[in-house]
Amino acid sequence: MEYQDERDFIPDVRDGLNRVERLILYVLSETQKELGGRNVPTAMLYGRVVEHINMSEAELHVFLDRLGVKGSTF
């Protein structure tokens with residue numbers, strides 16, 4: 001995965017999330033609001049996350065598993 005900054009790997013002391021995890025949760029929340037509270041398809045989430053950071057589908061699934069987000073497979 002290509003990151004812009006080493007701080008992307010460091011967990012925040014407030015909640016233990018790093019920047020990438022925080023970005024994924026933010027994009028997930030915003031997309032869910034757009035969909036009227038419905039579940040967000042993993043493919044849609046991936047498309048929106050890669051607009052912000054370069055990562056593979058497999059890497060997104062690793063982060064989602066770590067965050068406890070249940071997603072469908074591609």
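**Salt bridges, helices and surface**

Colleague: How many salt bridges does the structure hold?

Modeller: A salt bridge is a side-chain nitrogen of Lys or Arg within 4 Å of a carboxyl oxygen of Asp or Glu. By that rule, the number of salt bridges held by the structure is six.

Colleague: On what basis do the values rest?

Modeller: This is a predicted model, in which local features need pLDDT of at least 70 and side-chain atom pairs count only at pLDDT 80 or more, while totals for chains, interfaces and linings use all residues. Residues are numbered from 1 along each chain as its sequence is written, and side-chain values use heavy atoms, with hydrogens and water left out.

Colleague: How many helices does the chain have?

Modeller: Helices are DSSP runs (H or I, at least four residues), as are strands (E, at least two), and both are numbered from the N terminus. The elements run α-α-α from the N terminus on. The chain has zero strands, and its number of helices is three.

Colleague: Which residue forms a salt bridge with aspartate 12?

Modeller: The closest N and O atoms of the pair are 3.8 Å apart, and the partner of aspartate 12 is arginine 22. Aspartate 12 lies in the segment before helix 1 and its partner in helix 1, so the pair ties together parts that are ten residues apart in sequence. The residue asked for is therefore arginine 22.

Colleague: Which residues are linked with Arg14 in a network of salt bridges?

Modeller: Arginine 22 also forms a salt bridge with aspartate 15, with 3.1 Å between the closest N and O atoms. Besides Arg14, the network of salt bridges links Asp12, Asp15 and Arg22.

Colleague: Is arginine 22 buried, partly exposed or exposed?

Modeller: Buried means under 20% relative accessible area, exposed over 50%, and partly exposed in between (1.4 Å probe, protein chains only). Because its relative accessibility is 30%, arginine 22 counts as partly exposed.

Colleague: How are helix 2 and helix 3 oriented to each other?

Modeller: Axes are lines fitted to C-alpha atoms, for helices over the stretch in contact, and angles run from 0 to 180 degrees between N-to-C directions. Angles under 35 degrees count as roughly parallel, over 145 as roughly antiparallel, 65 to 115 as roughly perpendicular and the rest as oblique. Helix 2 (residues 42–49) and helix 3 (residues 57–67) pack at about 105°, with axes 11 Å apart. The two helices are therefore roughly perpendicular.

Colleague: Which residues of helix 3 make the contact with helix 1?

Modeller: The axes of helix 1 (residues 19–34) and helix 3 come within 11 Å and cross at roughly 85°, which makes them roughly perpendicular. Contact means heavy atoms within 4.5 Å. Helix 1 brings Val20, Glu21, Ile24 and Leu25 to this contact, and helix 3 brings Leu60, Phe63, Leu64, Arg66 and Leu67.

Colleague: Is glutamate 21 buried or exposed?

Modeller: Glutamate 21 has its place in helix 1. Leaving aside neighbours within four places in sequence, glutamate 21 is in contact with Gly16, Phe63, Arg66 and Leu67. Because its relative accessibility is 5%, glutamate 21 counts as buried.

Colleague: What is the separation of the C-alpha atoms of arginine 7 and asparagine 18?

Modeller: Arginine 7 is found in the segment before helix 1 and is partly exposed, with a relative accessible area of 47%. Asparagine 18 is eleven residues from arginine 7 along the chain, and their C-alpha atoms are separated by 7.8 Å.

Colleague: What percentage of the residues in the chain is buried?

Modeller: Among contacts between residues at least 6 apart in sequence, 44% join residues at least 24 apart. The chain has 74 residues, and the buried ones make up 28%.
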